[in-house]
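Thanks, everyone. I'll take a few minutes on the charged side-chain pairs in this one. Please have the model open while I talk.

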Amino acid sequence: MLKKILLAAVAVMALTAAGQEYTLRATKYHPGQGGAGWVTASGDRINYTKLKNYQIHWVALSHDMFAKYGFRLGDTIIVESELVPKLNGEWIVKDKMGRRLRKRIDFLTPRGDHYHFKSHSMVTIRKKKR
């Protein structure tokens, strides 16, 4: 019974999250550095050649975005940033950040990327409707 209630609550949160906007503190990370391996939490392996050619648009979200706001691995999100317009567009949620972080998004980027944003920039995201 409790399992059914929890599943229903998660379904409602996922439906409510669609179309809502969230302002998050943005950072970036590189694969193979600081505990970030070559495989994401979704089980996808990072192809560095594709990443360096900007063919991969993957992000990690803080755990609260999953638990509290109904995001899931594999969701496509729309990112909007006035300060860093190169981040604007569709990104796929493929990873999770450390549990202590709240209202954060981490962009997977190659070393020496051309996004040129300072750590802790603010971006707005919304879930893409399916």
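Start with a cut-off: a residue counts as buried when its relative accessible area is under 20%. Keep in mind that this is a predicted model.

Which side of that cut-off does Asp 75 fall on, buried or exposed? Its relative accessible area is 3%, so Asp 75 is buried. Its salt-bridge partner is Arg 72, with 4.0 Å between the closest N and O atoms. Arg 72 is partly exposed, at 39% relative accessible area.

Next pair. Arg 126 and Glu 80 form a salt bridge, and their closest N and O atoms are 2.7 Å apart. Arg 126 sits in strand β6, residues 121–127, and Glu 80 in strand β3, residues 76–80, so this bridge ties together parts 46 residues apart in sequence. Both ends are partly exposed: Arg 126 has 26% relative accessibility, and Glu 80 has a relative accessible area of 37%.

Last pair. Asp 44 and Lys 94 form a salt bridge through their side chains, 2.9 Å from N to O. Here too distant parts of the chain are linked, 50 residues apart: Asp 44 is in the loop between β1 (21–29) and α2 (48–52), and Lys 94 is in strand β4, residues 89–96. Lys 94 is buried, with a relative accessible area of 14%, whereas Asp 44 is partly exposed at 26%.

How many salt bridges does the count give? Six. That's what I had.

Technical notes. Residues numbered from 1 in each chain as written. Predicted model: local features only at pLDDT ≥ 70, side-chain atom pairs only at ≥ 80, totals over all residues. Heavy atoms only, no water. Helix = DSSP H or I, 4+ residues; strand = E, 2+ residues; numbered from the N terminus. Buried < 20%, exposed > 50% of the residue type's maximum accessible area, 1.4 Å probe, protein only.
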